[in-house]
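Subject: A structure to look through

Dear colleague,

Please find a structure below, which I am handing over to you together with some notes on what was found in it.

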Amino acid sequence: MSDSKRLRISIWDDPRLRAFGEALKSDQTEVSFDTREAGARRLGAGLVDMALMPANLAVDLSEDFDVLPAVAYSGWSTPHARISLREGFQGRPESLYCADPTALEAQVARIVLQEHYGIVLNLEPLNGPAAASDADAILAFDEPAPNDGSLTLDLGQEWYELTNYPMVWGLFVMREGELDAGVIGVLREAAASVESADHLDGTVPGEDGMGLPRFRFDDIVTASLTELCRHLYFYGVTSELREVEPAKVSETADIGNDTRDPML
């Protein structure tokens, strides 16, 4: 942790995480809203003490960094990543175009299309609106899906239907050896304050097709991460079958009570 003893936290600049980031702010913390790439760079450079990272990247870095227990970012569905198929399931596109073919969302999209619908395709970079107009399959990431009558699939919902688990988008990571119980308490307190419909304009899971984000690291998140690691290995994204091992804290440590509805 920094010499000032304030816990410096980097979280994604994402509307669904804004309330959580605000809840993390206190006299003992300093919160910045960054891109995913910037957050990872700042953690590596020692400019922040903790960063939210895409689940696959966090698992890959687990030998040098600690994946934090108790809190994760997942969801049964998601508005930020949608697959658009111009010809629906009748077409057989050869490529899925997306802004970043290496991103977690791109890899999951390739997996669910093949596993669910038998659509085998390559991941290709999407270069501008002109390219999008010619593409038969697009992954819209943090932007509206094309409004051209294409079939649109919610990526998070597709993962849930494939595995029966919520999709784990992000995990909190710290440099190895810097985790203490107080950090977990900070995360859990913020999570408990926002994981309710009252903090998300009265929405409830499934009511608006988006559902609520989850901010817990529980058994179903662990199971989902296990499925993710298995699929990434099977699809050749990773060279070995990885396991998710969150950092350990003392069993007697006070990390706060989790009184949230376990069904969310």
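Two residues are in contact here when they have heavy atoms within 4.5 Å of each other. With that in mind, of the contacts in the protein chain with a separation of 6 or more, 77% are accounted for by residues 24 or more positions apart. Please note that this is a predicted model, in which local features need pLDDT of at least 70 and side-chain atom pairs count only at pLDDT 80 or more, while totals for chains, interfaces and linings use all residues. Residues are numbered from 1 along each chain as its sequence is written, and side-chain values use heavy atoms, with hydrogens and water left out.

The protein chain has 8 helices and 11 strands; these are DSSP runs numbered from the N terminus, helices being H or I with at least four residues and strands being E with at least two. Of its 264 residues, 49% count as buried, where buried means under 20% relative accessible area, exposed means over 50%, and partly exposed lies in between, with a 1.4 Å probe and protein chains only.

An open sheet of 6 strands runs in the order 2-1-3-10-4-11, with mixed pairing, and two strands are taken to pair if DSSP finds at least two bridges between them. Strand 2 (29–34) and strand 11 (213–214) stand at the edges with a single partner strand each, so one side of each is left without a neighbour in the sheet. Helix 2 (residues 36–44) packs on this sheet, where it touches strand 1 (7–12), strand 2, strand 3 (50–54), strand 4 and strand 10, and its direction makes about 135 degrees with that of strand 3; such angles run from 0 to 180 degrees between N-to-C directions, with axes fitted to C-alpha atoms, for helices over the stretch in contact. Strand 4 (residues 65–75) pairs with strand 10 (residues 167–175) in the antiparallel sense over 7 bridges, and within this pair G75 stands opposite M167 of strand 10.

Pocket and cavity

On a 1 Å grid over the protein atoms alone, a cavity is a set of points where a 1.4 Å probe fits but cannot get out, whereas a pocket is an open set with protein on both sides within 12 Å along at least five of seven lines, and lining residues have an atom within 4 Å of a point. The largest pocket holds about 420 Å³ of space, a volume being the space filled by probe spheres set on the points, which are joined across faces, edges and corners. It is lined by 20 residues, of which R36, E37, P54, D100 and F141 are the closest to its centre. Helix 2 gives the most to this lining, with 3 residues.

The whole structure has 2 cavities of 30 Å³ or more, and the largest cavity has a volume of about 60 Å³. Its lining includes A55, N56, L228 and R242, and the largest share, 4 residues, comes from helix 3.

Two backbone angles

Most residues other than glycine have a negative phi. A70, in strand 4, has a positive phi of about 80 degrees although it is not a glycine, and A70 is buried at a relative accessible area of 12%. N164, in the loop between helix 6 (155–163) and strand 10, also is not a glycine and has a positive phi of about 70 degrees, but N164 counts as exposed at 54% relative accessibility.

With best wishes
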